[in-house]
Each structure stands twice: as structure tokens, then as C-alpha cells.
Amino acid sequence: CQNVITLFIYKSTQLPKPRSLFFFNFAIFLMNLRDISSFQSSTPLPSSKFSNDEYTNLIDPKDFYRNRQNYDILFTNPAILSLAFKNEVFHIEQTVKMETQRMQAAREEIFTHGFQSREQIIRNIHLQLQVHRNNIVNDTVKEVNHMRDDHLNRPLMVSFIGEEALDAGGVSREYFQLLTEQLFSPDYGMFVFVKNKQYYWFSHFYDDVGVLRDCCCSCCL
């Protein structure tokens, strides 16, 4: 199936149209095949087996995001699209949302509070997260629980309580590094390393000897 798609692309005398019925039919077929593999097989194939890089390279991620109605079949049957492409579209979407929210917040600040210092405006139009280094996970959960949903789309600005450094990107990177280390630490107990699969998974799905418990949710299949 993948060879047919690839050969069709390379043997075409002109650039194939990614929105053609030919590719859409393959997208639906590969999506159904992936679903069957995921839910019916004891050893399902990885998603990368169903994606086609040659076809994905025909599509402009920005056009895919901006003209969704032209790619509606691919949005509902995305197995044929590579993970790198999906990741790029996701980043485009989040960037647009973040910029829209930032501009809206800036207008609200000016109309509500008038002219303020540049530093104060910058702080107010960001999602401000204040955490202790030694309690980073619990502080993050408490902070996020008190935030409005629309504020979560704002650009992030992190500060460590008791430190004066202004977040210009470096503090946020350090924050995510520390947060990830703590979440995946065996002492924290949220994730467990599955040795026979070589990945981490949620610890509450496993018993004391590392065996996967019975679970009815599809994520464990």
C-alpha cells in the first residue's frame, strides 16, 4: 500500500494534488487499518508504519491549518500523515492561539488600566507561573487550577519564588527540565519504566512487580 502511494508520486509527470480522491481513499484505508491493528492485534504495529513521508511532503502545514475545509478527510483520518507533520501543524495552531490571546490581553490591559510601565504590561499579558524549586509539581498544579482557561493560551512567564531573574526564555526551559525530572523520578511515583518495552508509563496501571493490570481503556491496548 505504501509502495503504491510512493510510486504514484515519483512516477507522476507533474506534482500530484494532495487533495485528490486517490490520496483521500488511501487516507481512509490506512486509518481503518491502523484502528484494526490497534484494537484487534495483540502486537499492534506502530503508527509510523501507516504514515507516508512522500505524501506528507506534498502538503504545506500552514495551508493545512488555514484551509482545514479542504483537508477535512485528512483531519478525521490522519494516519497517513507523519508525526513530524502533525507536530508542526500543532505548533502553528498553538502559535496562532498564543498570539491572538496576547494581543487581546494587551488591548484589555490598555483599556482597563491605562498606560503602565512596559515591564508591567509584558507581565500582565503573559501566563505568570510562580513556583518553588523544591515543590515545583505541587505549586504548578495549584497555580494552574486557579487560572482561567483562556489565560492558558498566553505565552508562559515563569519565576522561581525567592529569585529575581526575569524570564526571557531561559527560566522557562529550566522550569520544564526540573518539572520533567521530578515527574519521571522513581521517588515521585507517577511513572514507571517498562523494561520489556523500553518506555515510561503511568505507574497506577502496574502492580508491585511491574505487570500491567487489567484495564478497559484503549490506551493500554
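Author: What follows is a conversation about packing in this structure, which is a predicted model.

Reader: Let's begin with the nonpolar core, then: which residues have the most contacts inside the largest one?

Author: The largest nonpolar core has 20 residues, and those with the most contacts inside it are Ile5, Tyr55, Ile59, Phe64, Leu74, Ile80 and Leu81. The elements that contribute two or more residues to this core are α1 (2-11), α2 (21-40) and α6 (83-113).

Reader: And which element gives the most to this core?

Author: That is α2, which gives six residues. Apart from this core lies another one, of 13 residues, which includes Leu129, Val137, Val171 and Phe191.

Reader: Is Phe75 buried or partly exposed?

Author: Phe75 has a relative accessibility of 26% and therefore counts as partly exposed, whereas Phe64, at 4%, counts as buried.

Reader: And what kind of pair do Phe64 and Phe85 form?

Author: Phe64 and Phe85 form an edge-to-face pair, with the centres 5.2 Å apart and 75 degrees between the planes. Because Phe64 lies in helix α4 and Phe85 in helix α6, the pair ties together parts that are 21 residues apart in sequence. Both Phe64 and Phe85 are buried.

Reader: Which residues do ring pairs link into a cluster?

Author: Ring pairs link Phe8, Phe22, Phe23, Phe26 and Tyr55 into a cluster.

Reader: Changing topic to charges, what sits over the ring of Phe75?

Author: The charged end of Arg68 sits over that ring, 4.0 Å from the centre of Phe75. There is also Arg19, which lies over the face of Tyr71 at 5.4 Å from the ring centre.

Reader: Now a loop question: where does Pro16 lie, and is Pro16 buried or exposed?

Author: Pro16 lies in the loop between α1 and α2, and its relative accessible area is 12%, so Pro16 is buried. Leaving aside neighbours within four places in sequence, Pro16 is in contact with Phe8, Ile9, Phe23 and Leu58. Pro16 and Leu58 are 42 residues apart along the chain, and their C-alpha atoms are separated by 7.9 Å.

Reader: Last one, about helix α9: which residues of α9 are buried, and where do they sit around the axis?

Author: The buried residues of α9 are Val171, Ser172, Tyr175, Leu179 and Leu183. They cover an arc of only 95 degrees around the axis, which puts them on the same side of α9. In an α-helix there are 3.6 residues a turn, so residues three or four places apart point the same way.

Reader: What covers those buried residues of α9?

Author: Among the elements covering them are β1 (127-131), α8 (136-145), β2 (156-160) and β3 (191-194).

Methods. Residues are numbered from 1 along each chain as its sequence is written. This is a predicted model: local features need pLDDT of at least 70, side-chain atom pairs count only at pLDDT 80 or more; totals for chains, interfaces and linings use all residues. Side-chain values use heavy atoms; hydrogens and water are left out. Buried means under 20% relative accessible area, exposed over 50%, partly exposed in between (1.4 Å probe, protein chains only). Helices (H or I, at least four residues) and strands (E, at least two) are DSSP runs, numbered from the N terminus. The arc is that of the directions from the helix axis to the C-beta atoms. Contact means heavy atoms within 4.5 Å. A nonpolar core is a set of buried Ala, Val, Leu, Ile, Met, Phe, Trp, Tyr and Cys residues joined through side-chain atoms within 4.5 Å. Rings of Phe, Tyr and Trp (its six-membered ring) pair if their centres lie within 6.5 Å; planes under 30 degrees apart count as stacked, over 60 as edge-to-face and the rest as tilted. A charge sits over a ring if NZ of Lys or CZ of Arg is within 6 Å of the ring centre and within 35 degrees of the ring normal.
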